[in-house]
Amino acid sequence: DKEIALLKKETRIKELELAQEREINQSRRSLQIVASILIFILLGLLYARHRLKSKINRALHKEIEVRKLAEKKYRDLTEKSVVGICIIQDDVIRYANPRFLELFQLTRDQAVGMSPLDLVPESERQRHGQKLQLRREGTADAVPFQFRALTRRGESIHIEARGALTSYEGRPALLETLIDISDRKRAETELLKSSKLESIGILAGGITHDFNN
């Protein structure tokens, strides 16, 4: 009986060991499956991240190319414009196109960093400064105004300016377009003189007629 009981005990122990081994193997297989799923998910996330990053990079590259093309077109337009163009920021000129430099007989190095008030006679600086301030505030945006300006050689010219708020290098600025109206002003002056002379002639003729009478 003791031997039989001992055999049963040993058999029971072996069964328990086998059952425990099966549970361990099953747990290992479950862990392997879970690990495989996690690795699969991780690989999927890495692949999705790679595709998203590639898509973002392509979009950024395209946007940069479009912006470069727009900047090139804008620069070509401003550089070849028949009107003077300048960008004013922090009360100084940051950019001036060739026509602007030609109008005021300046080099680019001389113009950049210069106050726009240095281009007008001292008697008109206060009025000109007020006009620029109104443009910066947006209250006189795109409204043209005329002023007398001075070239680097001290020659007087008449300018008609239009302004608009813009952004330059990521900061607010003022975009000004300038047209030389000196010839028009001279023609208006001559026309006014002619009208005055004609009026004087008519008046003199009337006086002569009255005197004769």
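Analyst: The open sheet has 5 strands in the order S2-S1-S5-S4-S3, with antiparallel pairing. Strands here are DSSP runs of E with at least two residues, helices are runs of H or I with at least four, and both are numbered from the N terminus. Two strands count as paired if DSSP finds at least two bridges between them. In general, strands of a sheet pair through backbone hydrogen bonds, either parallel or antiparallel. Strand S2 (92–96) and S3 stand at the edges with a single partner strand each, so one side of each is left without a neighbour in the sheet. From one strand to the next, the twist averages 40°.

The model is predicted, so local features need pLDDT of at least 70 and side-chain atom pairs count only at pLDDT 80 or more, while totals for chains, interfaces and linings use all residues. Residues are numbered from 1 along each chain as its sequence is written, and side-chain values use heavy atoms, with hydrogens and water left out.

Leu 150 stands opposite Ser 156 in S4. Helix H4 packs on the sheet, touching S1, S3, S4 and S5, and its direction makes about 130° with that of S3. Contact means heavy atoms within 4.5 Å; axes are lines fitted to C-alpha atoms, for helices over the stretch in contact, and angles run from 0 to 180 degrees between N-to-C directions.

H4 (residues 125–137) has 13 residues and reaches 18 Å from its first C-alpha to its last, close to the 18 Å expected at 1.5 Å a residue. The expected span is 1.5 Å times one less than the number of residues. Within H4, His 128, Leu 132 and Arg 135 are buried. They cover an arc of only 55° around the axis, which puts them on the same side of H4; the arc is that of the directions from the helix axis to the C-beta atoms. Buried means under 20% relative accessible area, exposed over 50%, and partly exposed in between (1.4 Å probe, protein chains only). An α-helix has 3.6 residues a turn, so residues three or four places apart point the same way. The cover over the buried residues of H4 includes strands S1 (84–89), S3 (145–150), S4 (156–168) and S5 (171–180). Just after H4, Gly 138 takes a positive phi of about 80°.

In one of them, the side chains of Arg 171 and Asp 90 meet at 3.0 Å, N to O. Arg 171 lies in strand S5 and Asp 90 in the loop between S1 and S2, so the pair ties together parts that are 81 residues apart in sequence. Arg 171 is partly exposed at 39% relative accessible area, and Asp 90 is partly exposed at 45%. Asp 90, Arg 94 and Arg 171 are linked in a network of salt bridges.

Terms used: Salt bridge = Lys/Arg side-chain N within 4 Å of Asp/Glu carboxyl O.
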